[in-house]
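This report goes through one protein model, from its overall make-up down to single side chains. Keep the sequence and the 3D view open while reading.

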Amino acid sequence: MNKALPRSLTLPLTVLVSAVLLYLGRAVFVPLAYSVLLAFVLYPMVKGLERLRLPRSVAIGIALTSVLALVVGLLVLLAWQVRLFLHEWPALSGNTGAGIEELRTWLLNTFGIGRATQDLWWSRITAGLGDTGPVLGAMVDGLFGAAFNAVIIPIFTALILYNRKHYVGVLSTLTGAEMASHLPMLLHRSVHSFARFIVGMVQVYAIVGLLNSIGLMLLGVPNAWLFGLLCAIMTIIPYVGIILSSLLPISVAWMTTGSIWAPLGVVAVFGLVQYLEANLIFPKVVGRQLGLTTMASLVVILVGGAVWGVSGMVLFLPYAAIVKLLADDIPGWKPLSVMLSGPEGKKE
């Protein structure tokens, strides 16, 4: 005899099953989620161009071209930084020996670590780095995945924008008659939620650039504001962007001081700012723009990272805002709505 699940278990079970399905189907869902996000962001531009009597295909092409121009601009900035670093490498390598010798002497005088022990540590480290096969394999897989997404995401986005009325009709059929009447308003609010997400991201990069610049300025690195803002912008490219963009200020710090502690200070500044960005600035600023509490934003980011990695940490927040919009209109999801948008900072 079948028994219906208690209402208190329906929502947790739904969340658990959804998480498993998202994890197993991440190869399909990740580019599709990026495409929906991009389509929502570009929809106001496309709609505005259509009001100017431009064909829908032309309007979509102009919108996607603007995004492509932004991406190409970021890649040019990254290539420029790499070229400058390679140009300065001869001068940088001339200080390598002095900096390493300074570090070896400090380890000996401060911690009593002899040079023989240091050499043993170094041999173990280099031996561990010698097996580059898995690393290179992972890099090749990542590059192929990025290239595939770079092609498929614009295609998905164009199809979503071009056939948007059809997909709205499909959603109306799937949601049933009760939710169909709320669907236009929900989609309208979702578009605005994604727009607020973009505004929040711009604020995050501005704050990160400011903190980077202040840290570099305190270390005495020349052109601190330029390096700080560039490194903040390049964090749009996960991991690779911050690593490559930080090479130039690290090399400049080394060349201007001749000490290994200056570049280590730059690494410490960027590491601290990245930690604050991931665990405080991003959840607080973007979460506030989306109407989510900081606690809810942190949980969503952690869950997103566990399910989809870096992409999940970026994508789950705006989609959590849509879930909140749904929870506002579904009586059985009221606890989820309260959890995601409960009051913060209230004193008992």
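A residue counts as buried when its relative accessible area is under 20%, as exposed when it is over 50%, and as partly exposed in between (1.4 Å probe, protein chains only). The model is predicted, so local features need pLDDT of at least 70 and side-chain atom pairs count only at pLDDT 80 or more, while totals for chains, interfaces and linings use all residues. Residues are numbered from 1 along each chain as its sequence is written, and side-chain values use heavy atoms, with hydrogens and water left out.

**Overall make-up**

The protein has 14 helices and zero strands. Helices (H or I, at least four residues) and strands (E, at least two) are DSSP runs, numbered from the N terminus. Of the 348 residues, 33% count as buried. The accessible surface of the protein is about 20500 Å², and 73% of this belongs to carbon and sulfur atoms. Such areas come from the Shrake-Rupley method with a 1.4 Å probe; for residues, only the protein chains shown count as cover.

A contact means heavy atoms within 4.5 Å. Among contacts between residues at least 6 apart in sequence, 66% join residues at least 24 apart. L159 is found in helix α6 (residues 133–162), and L159 is partly exposed at a relative accessible area of 41%.

**Salt bridges**

Side chains of opposite charge can pair when their charged atoms come close. A salt bridge is a side-chain nitrogen of Lys or Arg within 4 Å of a carboxyl oxygen of Asp or Glu. How many salt bridges does this rule give? The count comes to two. They are listed here.

| Salt bridge | N to O distance |
|---|---|
| R56 and E50 | 3.0 Å |
| E50 and R164 | 2.6 Å |

E50, R56 and R164 are linked in a network of salt bridges.

Which of these residues are buried? E50 has a relative accessible area of 17%, so E50 is buried. R164 counts as buried because its relative accessibility is 13%. R56, at 22% relative accessibility, counts as partly exposed. R164 lies in helix α7 (residues 164–180). Leaving out residues up to four places away in sequence, R164 touches Y43, V46, K47, E50 and R56.

**Another buried charged residue**

K324 is placed in helix α13 (residues 310–329). K324 has a relative accessible area of 13% and is therefore buried. Apart from neighbours within four places in sequence, K324 is in contact with G291, L292, S337, L340 and S341.

**Aromatic rings**

A pair of aromatic rings is described by the distance of the centres and the angle of the planes. Rings of Phe, Tyr and Trp (its six-membered ring) pair if their centres lie within 6.5 Å; planes under 30 degrees apart count as stacked, over 60 as edge-to-face and the rest as tilted. A search of the whole structure finds one aromatic pair. The ring centres of W308 and F316 are 5.2 Å apart and the planes stand at 80°, so this pair is edge-to-face. W308 and F316 are both buried.

A ring can also have a charge over it, which requires NZ of Lys or CZ of Arg within 6 Å of the ring centre and within 35 degrees of the ring normal. The charged end of R26 sits over the ring of Y23, at 4.2 Å from the ring's centre.

**A surface patch and a loop residue**

Y23 also belongs to a nonpolar patch on the surface, formed with L13, L16, V17, V20, L21 and L24, and this patch has about 660 Å² of accessible area together. Patches are made of residues with over 30% relative accessible area and no salt bridge; like charges are joined within 9 Å, and nonpolar side chains (Val, Leu, Ile, Met, Phe, Trp, Tyr) within 5 Å. V20 is in helix α1 (residues 7–24) and is partly exposed, with a relative accessible area of 42%.

Most residues other than glycine have a negative phi, and most peptide bonds are trans. R53 has a positive phi of about 70° although it is not a glycine. R53 is in the loop between α2 (26–51) and α3 (56–94). With a relative accessible area of 79%, R53 is exposed.
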